[in-house]
Amino acid sequence: MTEVDVVIVGAGAAGLAAAKVCREAGLSFKLLEAMNRIGGRAHTSSEHFGIPFDIGCAWLHAADRNPFYPEARAADWTMQYHDLALDHLYFGKRKADMLDLERMSAADGKFHDDLEAYRGADDRLSAILAKGHGARAVATYSGPMDFGQDMDEISIEDFRRAADLEPNYFTKQGFGALVARWGADVPVELNTPVKRIDWSGRQILVETARGSLRCSRIIITVSTGVLAFGDIEFHPELPLSYMESFFDLPMGMLTKIPLEISGGRFGLKPFEDLLIERPARHDMYFLCFPFDIDLMIGFVGGDFAWELSVAGEQAARDFAIDRLAGIFGSDVRKSVGRSMMTNWGAEPTVRGAYAAARPGRAEARDILAEPVDGRIHFAGEALAGPLIQTCGGARLSGEVVAQRVAASLKPN
């Protein structure tokens, strides 16, 4: 049986970062990945459109603090600053007028003022949401399109902890490709899902689909969705507070529905933002023609994204096309070529987009940040401090946890 200092579960940004730290510290380690590739939710594919397209994370958020930003510069990646400004706003089929935009701007200012000042008992973000169309547009950006949850499912305290992610950059070659390039030198055991972690003895026994290992420390970087589903069994069971924290950090959903457009661009310019507000939170955002590529990338988030993932790719395509046709006319239908839908909820090694604390349970992140018995450590986007829900934050989380592990095993 193989015996190492550290076993790392999951070869996303956090796991790869942890492995690099362990290697630098002179620790023996095994990095285990259930998928057939590295990167986790950072994944670029040319399969659907013949050009790099990010199935997962795409924006380099908080570039001034994001460790992947200098990696992108060093690789001479083509990047574009994107301020996520709202260039085009529609309520159903009606284009917002100047009064609508003024009301939205006022609602945005009030939302952030109320967010800082709020000290009420109701920890749901919806508790500070003003009424009116403008406020709903603000809520769409802040909730489903940002946190991956609807406003009544987001903790105010958790939302307040998250940093402002400016400046944001979009990359032409793909964020997933950048992560894969950065992690290419790390030895990884692919197609090796961890089934059981036995920490009852002096050494931790890690059982996988391809055999077992022993280690002194284990760093678990899989999503809280995977942990809540019980896909990894712990023996003995983890303390109740940890088990509850998996459920208190449910996976939100942000789904992309990119459409290939030919024969015209409806007056939209590259990198412009289009938001379509609809009743029942069936809202949709489009990033228009990034890098002058013939793609309009649609986004839906929160509960509606989960609904569309169940309805299927054809239903998602039809929904996106119907929204554009309702605004720009039925000829839009003739302009749409290839399309696809991302569906991280159906990926059993992830089970969602990223974690957001339930109202009243923001401390779940603090609980998981503490190791169990000094030996079982958790890392990833759910534990990335102010950069939660970001790939750069996940990398930093993996580095910090691995440094603590190295200090415990090699204190000098």
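Phe299 counts as buried, with a relative accessibility of 4%, where buried means under 20% relative accessible area, exposed over 50% and partly exposed in between (1.4 Å probe, protein chains only). The model is a predicted one, in which local features need pLDDT of at least 70 and side-chain atom pairs count only at pLDDT 80 or more, whereas totals for chains, interfaces and linings use all residues. Residues are numbered from 1 along each chain as its sequence is written, and side-chain values use heavy atoms, with hydrogens and water left out.

Tyr285 is likewise buried, at 4% relative accessibility. The ring centres of Tyr285 and Phe299 lie 5.5 Å apart and the planes meet at 45°, so the pair is tilted. Rings of Phe, Tyr and Trp (its six-membered ring) pair if their centres lie within 6.5 Å; planes under 30 degrees apart count as stacked, over 60 as edge-to-face and the rest as tilted. The pair links distant parts of the chain, 14 residues apart, with Tyr285 in strand S17 (residues 284-288) and Phe299 in strand S18 (residues 295-301). Helices (H or I, at least four residues) and strands (E, at least two) are DSSP runs, numbered from the N terminus. Tyr285 and Phe299 belong to a cluster linked by ring pairs, which also takes in Trp59, Tyr141, Phe170, Phe271 and Phe291.

The aromatic pairs number 19 by this rule. One of them is formed by Tyr69 and Tyr169, whose ring centres are 5.1 Å apart and whose planes stand at 40°, so this pair is also tilted. Tyr69 in helix H2 (residues 68-74) and Tyr169 in strand S9 (residues 169-171) are 100 residues apart, and the pair thus links distant parts of the chain. Tyr69 counts as buried at 17% relative accessibility.

Charged side chains also lie over aromatic rings, the criterion being NZ of Lys or CZ of Arg within 6 Å of the ring centre and within 35 degrees of the ring normal. Arg351 lies over the face of Phe229, 3.8 Å from the ring centre. The charged end of Arg395 sits over the ring of Phe68, at 4.8 Å from its centre.

In helix H6 (residues 175-182), the buried residues are Phe175, Gly176, Leu178, Val179 and Trp182. These residues cover an arc of only 160° around the axis, which puts them on the same side of H6; the arc is that of the directions from the helix axis to the C-beta atoms. Leu178 of H6 is buried with a relative accessible area of 2%. Residues up to four places away in sequence aside, Leu178 touches Leu60, Phe68, Glu71, Ala72 and Trp77, contact meaning heavy atoms within 4.5 Å.

Helix H8 (residues 240-248) has Tyr242, Ser245, Phe246 and Asp248 buried. Down the axis of H8, the buried residues fall within an arc of 165°, so they line one face of the helix. They pack against helix H7 (224-228), helix H12 (364-369) and strand S21 (376-378).

H12 and helix H13 (391-409) are the elements that give two or more residues to the lining of the second largest pocket. H13 provides the largest share of this lining, five residues. The second largest pocket has a volume of about 230 Å³.

Terms used: 1 Å grid on protein atoms, 1.4 Å probe; cavity = no way out; pocket = protein on both sides within 12 Å on 5 of 7 lines; lining within 4 Å. Points joined across faces, edges and corners; volume = space filled by probe spheres on them.
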